[in-house]
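I opened this one to get my bearings and jotted down what I looked up as I went. These are my rough notes.

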Amino acid sequence: MFDLFFGTDYHSHLGTRRGGLVVYGENGFDRAIHNIENAPFRTKFDADVSRMKGNMGMGSISDYEPQPLTVRSHHGTFAITTVGKISNKAELLQKLFDNGTTQFMEMGDGDINTTELVAALINEKDNMIDGIRHAQDVIEGSMSMLIMTKRGIFCVRDKLGRTPLAIGKKDTGYCASFEEFAYLNLGYEDYKNLGPGEIDIMTSDGVTVLAEPGKKMKICTFLWVYYGYPASSYEDISVEAMRHRCGAAIAHRDTLKREDVDIVAGVPDSGVAHAIGYSNEARLPYSRPFIKYTPTWPRSFMPTIQTKRDFIAKMKLIPVPELIKDKRIVLIDDSIVRGTQLAEKAKYLYSCGAKEIHVRPACPPILFGCKYLNFSRSRSALELIARRAIDELEGRHMEDDELGDYLNPDSEKYQNMIEVIRKQQGYDTLQYNRLEDMLESVGIPVENLCTYCWDGKEE
């Protein structure tokens, strides 16, 4: 239970709404789920860990549905937890209803639990492996999962590897994790990374491959740019090291001269490493004009209501006026999505006496709402500041297939889009990272990286 408890807690940066644990032992399955919106995971599960007994277990922290779930079906009783997005949920639900499934538990707002839907799809087939493959074949979006049965834990990575799944090993057994770093302090060593679509079963005796990995991968690039924890590695590429390289690439292309800048700063948390990379490459002093208040705001995710997110984002960062007044600042964040939060931070800096603010996002303009993962910060095109800038320039809403030159950083239309964003946000200058530089900073073959939110290229 110790490993399960703290290994799950190490995923707290991935969600703030629901936490869950499930174990299997002599008395069968035992599950606990709590709301963690107002208190950290550890404080909510202390009592559960003391009473829960088992020789296998799974944990989950989610920004959406409560999980893990326990399900009883013709496969027997099993527990399941998932990471992913189902874009064709309504279509799959209707097919299940047509095939005889009678009900799903509603979570609210007319939506159902995605993990429950995945379990129902698995149950359409006669055996677990065929059920897993069936679910991944019919789901549009992405789906990685862990499924615990009496036999062991099935470890299943998304068929295109959009999200990671790593296995660790120590003398007493094995563990599976979204984050590799989550098990290192618990005494585990890296054992393997599952490939795209790979299905393994993990028991106390070992790990057996049940379905070989596919050859095609499209892992989310945002894992390195924004979403991943600094200590994380995906496909053996360090998040922190990638961000250093990314920031260096921004500095290398920057049109600012060294004498035009006093300090380089990163927006906590994910902008910090990018800014350090920029500072080292440009040989400019790195500074922290914002300090994140960590005692009560330790995590990066916040309420799902955007107005509250914007307000809390401001509350979490405390300015240091002595490091701001009369300074010309290069300010680096992981991205600009809607633009509201970064614009507020810039206004804050100006109000504290900053002389100039030069914004350098670590990724290109986001022009397409993510259709593959829930954790991408881009949703629909109308929410994206870059798309709103294009619509303003064109005098109408532009469809995805009309963007053309707006994808090309060397085009006049692209530069006009950037200028509209700059004026709206109130920065002195604005220069985005280029897509090719960002991808090179990751360091794996470009064809293995998903770039949809920047260039609209699908599978």
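Predicted model: local features only at pLDDT ≥ 70, side-chain atom pairs only at ≥ 80, totals over all residues.

**Cores**

I started with the largest nonpolar core, which has 77 residues, and those with the most contacts inside it are Phe222, Trp224, Tyr278 and Met417. My rule for a nonpolar core: a set of buried Ala, Val, Leu, Ile, Met, Phe, Trp, Tyr and Cys residues joined through side-chain atoms within 4.5 Å. Buried is under 20% relative accessible area, exposed is over 50%, and partly exposed is in between (1.4 Å probe, protein chains only). Helix 6 (residues 222-227) gives this core its largest share, six residues. Helices here are DSSP runs of H or I with at least four residues, strands are runs of E with at least two, and both are numbered from the N terminus.

Apart from that core I found another, of 29 residues, including Phe78, Leu92, Ile122 and Ala135.

Residues are numbered from 1 along each chain as its sequence is written, and side-chain values use heavy atoms, with hydrogens and water left out.

**Tryptophan 224**

Which residues does tryptophan 224 touch? Leaving out residues up to four places away in sequence, I listed Ile219, Tyr234, Glu235, Ile237, Ser238, Val239, Met242, Arg243, Val442, Ile444 and Leu449. Contact means heavy atoms within 4.5 Å.

Glutamate 235 has a positive phi of about 50 degrees although it is not a glycine. I placed glutamate 235 in the loop between strand 16 (233-234) and strand 17 (237-238). Aspartate 236 is in the loop between strand 16 and strand 17 too, and has a positive phi of about 65 degrees without being a glycine.

Are they buried or exposed? Glutamate 235 is partly exposed at 24% relative accessible area, and aspartate 236 counts as exposed at 62%.

**Cis peptide bonds**

I then checked the peptide bonds. Glutamine 67 and proline 68 are joined by a cis one, with omega about 5 degrees. Proline 68 is in the loop between strand 3 (56-62) and strand 4 (69-73). From proline 268 to aspartate 269 the bond is also cis, omega near 0 degrees. Aspartate 269 lies in the loop between strand 18 (263-266) and helix 8 (270-282). For context, most residues other than glycine have a negative phi, and most peptide bonds are trans.

**Helix packing**

Last, I looked at helix pairs. The axes of helix 4 (residues 114-122) and helix 5 (residues 128-138) come within 7 Å and cross at roughly 125 degrees. That makes helix 4 oblique to helix 5. The contact is made by Val118, Leu121 and Ile122 of helix 4 and Met128, Gly131, Ile132, His134, Ala135 and Val138 of helix 5.

Axes are lines fitted to C-alpha atoms, for helices over the stretch in contact, with angles from 0 to 180 degrees between N-to-C directions. Under 35 degrees is roughly parallel, over 145 roughly antiparallel, 65 to 115 roughly perpendicular, and the rest oblique.

Helix 3 (residues 89-98) packs on helix 4 at about 45 degrees, axes 11 Å apart. That makes helix 3 oblique to helix 4. Here I saw Lys89, Leu92, Leu93 and Leu96 of helix 3 meeting Thr114, Leu117, Ala120 and Leu121 of helix 4.
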